[in-house]
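Me: I have a structure to go through today. Can we take it piece by piece?

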Amino acid sequence: MSVGSTRSLAPTAVASYRFEPLAPDEAERWDQLIEPYPGRELFHQSVWLDYLAASRRVETAHWAIRRGRETVGYFCGGRLQMGPFRILGSPLRSWGTNVMGPLLARDADQKALFAALDDLARADRLAMIELEHPRLSEQLLAASGFEQVPDWTYMVALTGDDSDAMWHGLESTCRNRIRKALSAGLVVEDTDDPAAADEYYEFYLELMRRKGRRPPFPAETPRLLFSHLKKADCLFALRVRDAAGRLLAVGLFPHDESTMYFWSGASREEGHPLCPNDYMHWVAMRLGAARGLRLYNMSGYGRFKRKFGGALTLVARWHKCYWRTARWARKGYQLWFETSGTRAMWPPRVPKRSEAEDEVEVHPDAEPVTSRWRPSLRLSDVYNAPLHDFPIRDEILFQYLPVSRDMDVLEVGPGSGVTAFRLAKSLRSLTLLDVAAANVAHLRTALAGLPNLDFVCADVCHPGLSDTLGRTFDAIYALEVFELLPDPGACLMNLASVLRPGGRLLLQFPNYPPSLSPGMTHFRTRAGLGRLMATAGFTQWSISSLKLRRHARFLFEYLHERPIRAYRRYRSRNGLLRPLIYDESWAFQHGSRLEPFKYALHTAWLAMSVTMRVGGPVFARAPVGDDILNRNLIVLARR
């Protein structure tokens, strides 16, 4: 297939909207033109577009969105050429830009908008378009062929008329650290000195060296950010000094008239005991509130950012590839970037573990470690991992559960332990809970080399799980376990009792009646499952159906399911009438027979996993009505 082969580029039969490039005199009045439109943010304004043009070497463009002679909105973005691919970003992830996208009148037709975008892609021969704006309809984006890449961020309310409310909204640990910084005599200043950009980058380079990574942007990027935004009075550039005047930390906080954003920050490692980062963010919040700003977008998540009392909020970036080759290239680039794209050629001999990894927070578009957590591909995993079947369920975690290296996580039903083997390196601690004593003993042996694992033998449905565990967690997940439990209500109450406030729960299970599933638990209605969630104490949850995307389903069916279907039919003749626990499975009891083939199997699974992901995300969620029976379900909840 040639690089120029297209998909979904047939001219729209009836295009009610069209994108019309602005004339030069109109482009000069861009800020005035977009001012009346809802959803306008700093990243739509000329000062940010000029910064992007200078720092990212993109061609910024402005369009009016017309319906006949009527203007229904405006659209801006950046065009760039990557090899044979012409791409339009509004914005692209690597730009360090939280949102952009179209600005529309309140009564605008988004379906017509996306049809007009397809016409624009055809006219400009675009290989891909990427969008992010919270006012865009998820349902219409998906129906128009856009694919979602979810992420999360903390949103902190700023209350200029009530600083006490902000203070008491902080976690007690954060308040104590700020008091410690004040007692040590730390001082924070909002500086106009351009040298602050270089000071920040020096600290940032040191952080990257400690992590064994290359910086994803050059020193010129923060310099340009400072020069463009500071003169427009759209940037807090904060320096933190100790009582002796020594510089400890630098942070860059862009803002418009309503919202402040954390772009990036870095600090001196030896200064961390004085808590400069906590104090810097608190001062930024007070400066924003005093300016009349109402919201602080922390541009990511993690334990450090959670301390400031924000609401963990789902954000989504959407992209549409119009060429198949562009889709393959995008996925290949993503795999390269996640596995080796930011690694230093010569990592440090002895990486230091310090508070920098907990306190220094960087915009997710600038520092992928804080928002992308797929474990690196390592050839040693082929022989170090415990013997396992194809780990298809791991893809669910990588797509739908946000974790970071400062989190404590609980896995219910760890099975062979391969998920824990892959995930443990991305967490502070991982606790494995299983009802089968034999499997717990097996996992202790198989995963003995991982120091941050804990093993607990307990029944997740038995009252008093919190006393048994003796601790709480930032996230809990259970994959293909919930359908096997005799008392799902008791299970949910137990899980809620060990989940920290704001913590996240992921459940994935086949919701089929016993005649079609080995499990005893199933739900006929969404409302019935929702009542159990509410009774358990969860404040937010979503229930969706989950299925493999077409390319992944094809590979999984022909390379995995069909070869072992004969065995499944044989096992079904034995009439398994009670829930299957892992230590009763053939794989557990007779796994030694497969040990001689372990390396070959694991190599095949690795190749199959990479191949499935080249075609895009492996799984897709879809909304469900009240009838949820006979579906594979995924439940995402927050306490």
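This is a predicted model: local features need pLDDT of at least 70, side-chain atom pairs count only at pLDDT 80 or more; totals for chains, interfaces and linings use all residues.

Me: What does glutamate 206 form a salt bridge with?
Reply: Its partner is arginine 209. The closest N and O atoms are 3.1 Å apart.

Me: Where do glutamate 206 and arginine 209 lie?
Reply: Both are in helix α8. They sit three residues apart, about one turn of the helix. Arginine 209 is partly exposed too, with a relative accessible area of 48%.

Me: How many salt bridges does the structure hold?
Reply: There are 37. One of them joins arginine 317 to glutamate 130, with the closest N and O atoms 3.9 Å apart. Arginine 317 is in strand β14 and glutamate 130 is in strand β6, so the pair ties together parts that are 187 residues apart in sequence.

Me: Are arginine 317 and glutamate 130 buried or exposed?
Reply: Both are buried.

Me: How do β6 and β14 pair?
Reply: They are antiparallel, over four bridges. Isoleucine 129 stands opposite lysine 320 in β14. Strand β7 also runs antiparallel to β14, joined by nine bridges. There, aspartate 151 has valine 315 of β14 as its bridge partner.

Me: Back to salt bridges. What does arginine 239 pair with?
Reply: Arginine 239 forms a salt bridge with aspartate 193. The closest N and O atoms are 2.9 Å apart. Arginine 239 lies in strand β9 and aspartate 193 in the loop between β8 and α8, so this pair ties together parts 46 residues apart in sequence.

Me: And is arginine 239 buried or exposed?
Reply: Arginine 239 counts as buried, because its relative accessibility is 5%. Aspartate 193 is partly exposed, at 33% relative accessible area.

Me: Which residues are linked in a network of salt bridges?
Reply: Glu171, Arg306, Asp408, Arg428, Asp454, Arg471, Asp474 and Arg500.

Me: New topic: sheets. What order do the strands of the eight-strand open sheet take?
Reply: The order is β17-β16-β15-β18-β19-β22-β20-β21, with mixed pairing. β17 and β21 stand at the edges with a single partner strand each, so one side of each is left without a neighbour in the sheet. On average, neighbouring strands are turned by 20 degrees against each other, direction ignored.

Me: How many bridges join β16 to β17?
Reply: Five, and the two strands run parallel. Leucine 432 has phenylalanine 455 in β17 as its bridge partner.

Me: Which strands does helix α19 touch?
Reply: Helix α19 packs on the sheet and touches β15, β18 and β19. Its direction makes about 150 degrees with that of β19. Helix α20 packs on the sheet as well, touching β19, β20 and β22. The direction of α20 makes about 135 degrees with that of β20.

Me: Last one, the surface. Which residues make the nonpolar patch?
Reply: Phe554, Tyr558 and Leu559 make a patch of about 340 Å². Tyrosine 558 is in helix α21, residues 550–572.

Me: Why does tyrosine 558 count as partly exposed?
Reply: Because its relative accessibility is 44%. Partly exposed means between the two cut-offs: under 20% is buried, over 50% is exposed.

Terms used:
Residues are numbered from 1 along each chain as its sequence is written. Side-chain values use heavy atoms; hydrogens and water are left out. Two strands pair if DSSP finds at least two bridges between them. Axes are lines fitted to C-alpha atoms, for helices over the stretch in contact, and angles run from 0 to 180 degrees between N-to-C directions. Contact means heavy atoms within 4.5 Å. Patches are made of residues with over 30% relative accessible area and no salt bridge: like charges are joined within 9 Å, nonpolar side chains (Val, Leu, Ile, Met, Phe, Trp, Tyr) within 5 Å. Accessible areas come from the Shrake-Rupley method with a 1.4 Å probe; for residues, only the protein chains shown count as cover. A salt bridge is a side-chain nitrogen of Lys or Arg within 4 Å of a carboxyl oxygen of Asp or Glu. Buried means under 20% relative accessible area, exposed over 50%, partly exposed in between (1.4 Å probe, protein chains only).
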